[in-house]
Amino acid sequence: MLHLLYVLLATARSSLKPQRDLALENLALRQQLAIVQRKTKRPKLTKADRAFWVALCRLWPEGHNALLIVKPQTVIGWRA
């Protein structure tokens, strides 16, 4: 029940964000998934990854909250 309430509140919050912020957040999440999907046990950030995050943080100052790489099991758990 608490999880459902969290999802509803997150959805409501997202609907109030400007389109630009949603697009940048989506870009950040896609980059995180690309890093996690690498075929290594513990993926490391490359120079290109770091350059991406620097550029994103300059375009989107609130983006530092998105600098979190999660385990695939966590993302799967969010969908359940």
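In the predicted model, Phe52 and Trp53 are both buried. Their side chains also account for the aromatic pairing in the structure, where the count comes to 1 aromatic pair. The ring centres of Phe52 and Trp53 are 5.1 Å apart and the ring planes stand at 80°, so the arrangement is classed as edge-to-face.

Both residues also belong to the largest nonpolar core, which comprises 7 residues: Leu24, Ala28, Ile35, Phe52, Trp53, Leu56 and Trp60. At least two residues of this core come from helix H2 (19-36), and at least two from H3.

Helix H3, which spans residues 47-59, also contains Asp49. With a relative accessibility of 4%, Asp49 falls under the 20% limit and therefore counts as buried. When neighbours within four places in sequence are set aside, the contacts of Asp49 are Gln31, Ile35, Arg38 and Lys44. One of these residues, Ile35, is also a member of the largest nonpolar core. With Gln31, the side chain of Asp49 makes a polar contact of 2.8 Å.

Side chains of opposite charge can pair when their charged atoms come close. The structure contains 1 salt bridge. The partners are Arg38 and Asp49, whose closest N and O atoms are separated by 2.8 Å. Because Arg38 is located in the loop between H2 and H3 while Asp49 is in helix H3, the pair ties together parts that lie 11 residues apart in sequence. The two partners can also be described by their accessibility: Arg38 counts as partly exposed, at 29% relative accessibility, whereas Asp49 is buried, with a relative accessible area of 4%.

How values were computed. Residues numbered from 1 in each chain as written. Predicted model: local features only at pLDDT ≥ 70, side-chain atom pairs only at ≥ 80, totals over all residues. Heavy atoms only, no water. Helix = DSSP H or I, 4+ residues; strand = E, 2+ residues; numbered from the N terminus. Buried < 20%, exposed > 50% of the residue type's maximum accessible area, 1.4 Å probe, protein only. Polar contact = N/O pair within 3.5 Å; in protein donor to acceptor, adjacent residues only side chain to side chain. Contact = heavy atoms within 4.5 Å. Phe/Tyr/Trp six-rings, centres within 6.5 Å; stacked < 30°, edge-to-face > 60°. Core = buried A, V, L, I, M, F, W, Y, C linked by side-chain atoms within 4.5 Å. Salt bridge = Lys/Arg side-chain N within 4 Å of Asp/Glu carboxyl O.
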